[in-house]
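I opened the model to look up a few points. My notes follow in the order in which I checked them.

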Amino acid sequence: MALQTVRWEDGHLYIIDQTLLPMDFREIRLDTQEAVWEAIKSLRVRGAPAIGVCAAFGVLVGFRQLAPADAHAAQQAVRRVAGYLATSRPTAVNLFWALNRMRNAAEHSGAASTVESLFSSLEAEARSILEEDDATCRAIGESGDSLIRDGDGVLTHCNAGGLATAGYGTALAVMFRAHEKGRRFHVFADETRPLLQGARLTTWELMQAGIDTTLICDNTAAQVMREGRIQLVIVGADRIAANGDTANKIGTYSVALLAQAHDIPLYVAAPISTFDMSLSSGKGIPIELREPEEVTQGFGTRTAPENVRVYSPAFDVTPAGLIAGIITERGVLRPPLETAIAALGGGQTAFV
Ligand code: MRU
């Protein structure tokens with residue numbers, strides 16, 4: 001399956017508008033930095049790696065829009081656009097990782113660089129980020145596929161599929177690869193209130209790949225576990241602290257507690273660009289708060305009284321102790337996760 005979640009063609013940035021799926025599969029073109037910011041904020045493009053890839057190309061869009069007159073102004077333009085796009089969503093560290101890469105590419109483009117040559121360097125860097133993401137996701141699939149055995153039931157939460165990356169996914173990459181290798185298993189997808197990434201996106205991707213899929217309400221997970229239908233949970237990640245604490249879509253922590261109660265292993269699948277080595281634990285991970293309307297009148301239908309108070313964090317943090325392993329492009333990290341992560345010797349530092 002070859003989704004092109006984010007595409008750069010003839011100097012233009014295109015994304016699949018994920019807010020329309022699964023009813024409508026439509027690409028939109030983002031021609032201004034404001035349009036890129038809005039697309040990230042409103043989840044037209046979403047999922048940690050995909051946000052990073054889109055923002056990298058977004059720097060090109062903003063750069064062209066600002067039309068810097070000389071090399072000095074060009075360097076300033078890159079910093080301005082990167083700084084602006086960094087305010088779109090706070091939790092997925094891949095956004096800051098990608099923007100840092102773009103800023104570094106600009107800074108190292110050479111003293112003799114012109115506006116045009118700087119643009120070319122930035123374009124090459126954004127293309128590398130996209131291509132590396134695809135290769136990384138395929139490697140994640142290869143690292144993890146043997147965890148899924150014939151006959152297993154696998155639960156996933158939110159969407160960590162091709163739509164959340166440049167095209168192959170993280171948690172779903174493991175499932176795609178196991179399926180490609182002929183293993184037969186069944187996936188239960190949590191619908192993922194309030195924005196229904198599981199119902200709208202994960203089931204759509206899995207069904208397109210020909211994988212047996214069942215959609216469940218979020219509050220059904222405990223019951224399907226008790227019924228013995230789940231042998232494995234695999235989820236994605238938006239930011240992983242140095243000790244292995246993992247931020248992912250709201251509800252992941254509940255799923256992890258349920259998995260522990262039923263003695264089911266929970267794996268996180270994520271690229272190394274999702275590790276934030278500047279944070280010693282998950283306590284420091286910024287959690288995005290979303291607008292009340294997403295809960296009270298999601299998708300247009302009012303389901304709660306007007307003016308009711310709403311608390312809607314978009315992510316929660318699963319403590320490392322509830323995680324059986326982290327599936328990365330360099331293999332599966334096993335507890336103690338802090339030691340395994342330190343041995344990777346990489347990861348991010350904060351966006352400055
Ligand atoms: O709010 P979203 O849809 O961007 O949240 C996405 C998730 O939580 C994913 O599980 C995570 O980004 C991993 S995507 C490979």
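I counted salt bridges between domain 1 and domain 2 and found one. My criterion was a side-chain nitrogen of Lys or Arg within 4 Å of a carboxyl oxygen of Asp or Glu. I also looked up glutamate 288: it forms a salt bridge with arginine 89, and the closest N and O atoms are 2.8 Å apart.

The model is predicted; local features need pLDDT of at least 70, side-chain atom pairs count only at pLDDT 80 or more, and totals for chains, interfaces and linings use all residues. Residues are numbered from 1 along each chain as its sequence is written, and side-chain values use heavy atoms, with hydrogens and water left out.

**Domains**

I noted the bounds next: domain 1 is 6–138 and domain 2 is 147–344. These bounds come from an automatic or database domain assignment. Taken over C-alpha atoms, the two domain centres are 25 Å apart. For contact I used heavy atoms within 4.5 Å. On that basis, 28 residues of domain 1 touch 33 residues of domain 2.

I then looked up the buried area, meaning the accessible area (1.4 Å probe) that two parts lose on being put together, summed over both. Between domain 1 and domain 2 the figure is about 2,500 Å², with 58% from carbon and sulfur atoms. Arg46, Thr91 and Val93 supply 24% of the area that domain 1 buries against domain 2, more than any other three residues.

**Sheet**

I traced an open sheet of three strands, ordered β1-β2-β3 with antiparallel pairing. Strands are DSSP runs of E, at least two residues; helices are runs of H or I, at least four; both are numbered from the N terminus. Two strands pair if DSSP finds at least two bridges between them. The edge strands are β1 (6–9) and β3 (27–30), each pairing on one side only. Neighbouring strands are turned by 30° against each other on average, direction ignored.

β1 pairs with β2 (residues 12–16) over four bridges. Glutamate 9 stands opposite histidine 12 in β2.

Helix α2 (residues 48–66) lies across β1, β2 and β3, at about 30° to β1. Axes are lines fitted to C-alpha atoms, for helices over the stretch in contact; angles run from 0 to 180 degrees between N-to-C directions.

**Threonine 202**

Is threonine 202 buried or exposed? It counts as buried, because its relative accessibility is 0%. The cut-offs are under 20% relative accessible area for buried, over 50% for exposed, and partly exposed in between (1.4 Å probe, protein chains only). Threonine 202 sits in helix α7 (residues 197–208). Leaving aside neighbours within four places in sequence, I listed the contacts of threonine 202: Thr156, Cys158, Asn159, Leu172, Ala189 and Gln197.
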